[in-house]
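User: I have a model open and want to go through its side-chain contacts. Can we take them a few at a time?

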Amino acid sequence: MTYEKILAALDRSSHSDLVFEQALNLAQKEGAKLMLFHGIPLDQHQGLFLHEFELTTEPLARYASALQTELERQQTEIQQWLSDYCQNAKKLGITVESKVGFGEPGKVICDLARRWDADLIVLGRRGLTGMMEMLMGSVSSYVVHRAPCTVSIVQSKLNPASQDG
């Protein structure tokens, strides 16, 4: 099977370099376009600054403004981080672009893959199992079961499920 469009989902963990390298190697081998993506989960911002505001109209408007400012700050920071990866891909002659999305990471990855018409999604897996996976969720599991295309999982070298202790 050949791939024309590869979506690499990066999460700013130390594992992102491995995911990027795998996607980069495949894009180079296949002559594919590469999309680098990072999703910002909105639920992590639910309590942001809320303790500073009363629940009335004016303070809620200030809260919304503070939340928007924080999300814009994060988006700018992540776009710069993705830009560094893009430069590495461009040096190898790979057509690459990047996007930042907001929402539940698994869902926004699948939605982007559908809209962009990706042939392959490359993403990492931390190796959570059992109760830890139930409590924390699993983006990779969500994507594997709902993606509109082939999915390649890059397993973390430090698999917490297999460590002694």
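User: Trp-81 first: buried or exposed?

Analyst: This is a predicted model, so take the values as computed from it. Trp-81 counts as buried, at 18% relative accessibility, because the cut-off for buried is under 20%.

User: Which ring does Trp-81 pair with?

Analyst: Tyr-85. The two ring centres are 5.3 Å apart and the planes sit at 85°, so the pair is edge-to-face. Trp-81 and Tyr-85 both belong to helix H2, 4 residues apart, about one turn of the helix.

User: How many aromatic pairs does the structure hold?

Analyst: It holds 2 aromatic pairs. Phe-20 is in helix H1 and Tyr-85 in helix H2, so the contact ties together parts that are 65 residues apart in sequence. Phe-20, Trp-81 and Tyr-85 form one aromatic cluster.

User: And Phe-20 and Tyr-85, buried or exposed?

Analyst: Phe-20 is buried, with a relative accessible area of 2%. Tyr-85 is buried as well, at 9%.

User: What lies over the face of Trp-81?

Analyst: Arg-12 does, at 5.4 Å from the ring centre.

User: Which residue does Arg-12 meet in a salt bridge?

Analyst: Glu-77, with an N to O distance of 2.7 Å. Arg-12 lies in the loop between strand E1 (5-9) and helix H1 (16-30), and Glu-77 in helix H2 (residues 57-91), so this pair ties together parts that are 65 residues apart in sequence. Arg-12 is partly exposed at 39% relative accessibility, and Glu-77 is partly exposed at 37%.

User: What else does Glu-77 form a salt bridge with?

Analyst: With Arg-73, where the closest N and O atoms are 2.8 Å apart. Both residues are in helix H2, 4 residues apart. Arg-73 is partly exposed, with a relative accessible area of 40%.

User: Moving on to helix H3. Where do Asp-111 and Arg-114 lie in it?

Analyst: They lie 3 residues apart in helix H3 (residues 105-116), about one turn of the helix. Salt bridges that share partners also join Arg-12, Glu-70, Arg-73 and Glu-77 into one network. As for Asp-111 and Arg-114, their side chains meet in a salt bridge at 3.4 Å, N to O. Asp-111 is partly exposed at 24% and Arg-114 is partly exposed at 47%.

User: How many salt bridges in the whole structure?

Analyst: A search of the whole structure finds 5 salt bridges.

Key: Residues numbered from 1 in each chain as written. Predicted model: local features only at pLDDT ≥ 70, side-chain atom pairs only at ≥ 80, totals over all residues. Heavy atoms only, no water. Salt bridge = Lys/Arg side-chain N within 4 Å of Asp/Glu carboxyl O. Helix = DSSP H or I, 4+ residues; strand = E, 2+ residues; numbered from the N terminus. Buried < 20%, exposed > 50% of the residue type's maximum accessible area, 1.4 Å probe, protein only. Phe/Tyr/Trp six-rings, centres within 6.5 Å; stacked < 30°, edge-to-face > 60°. Lys NZ or Arg CZ within 6 Å of the ring centre and 35° of its normal.
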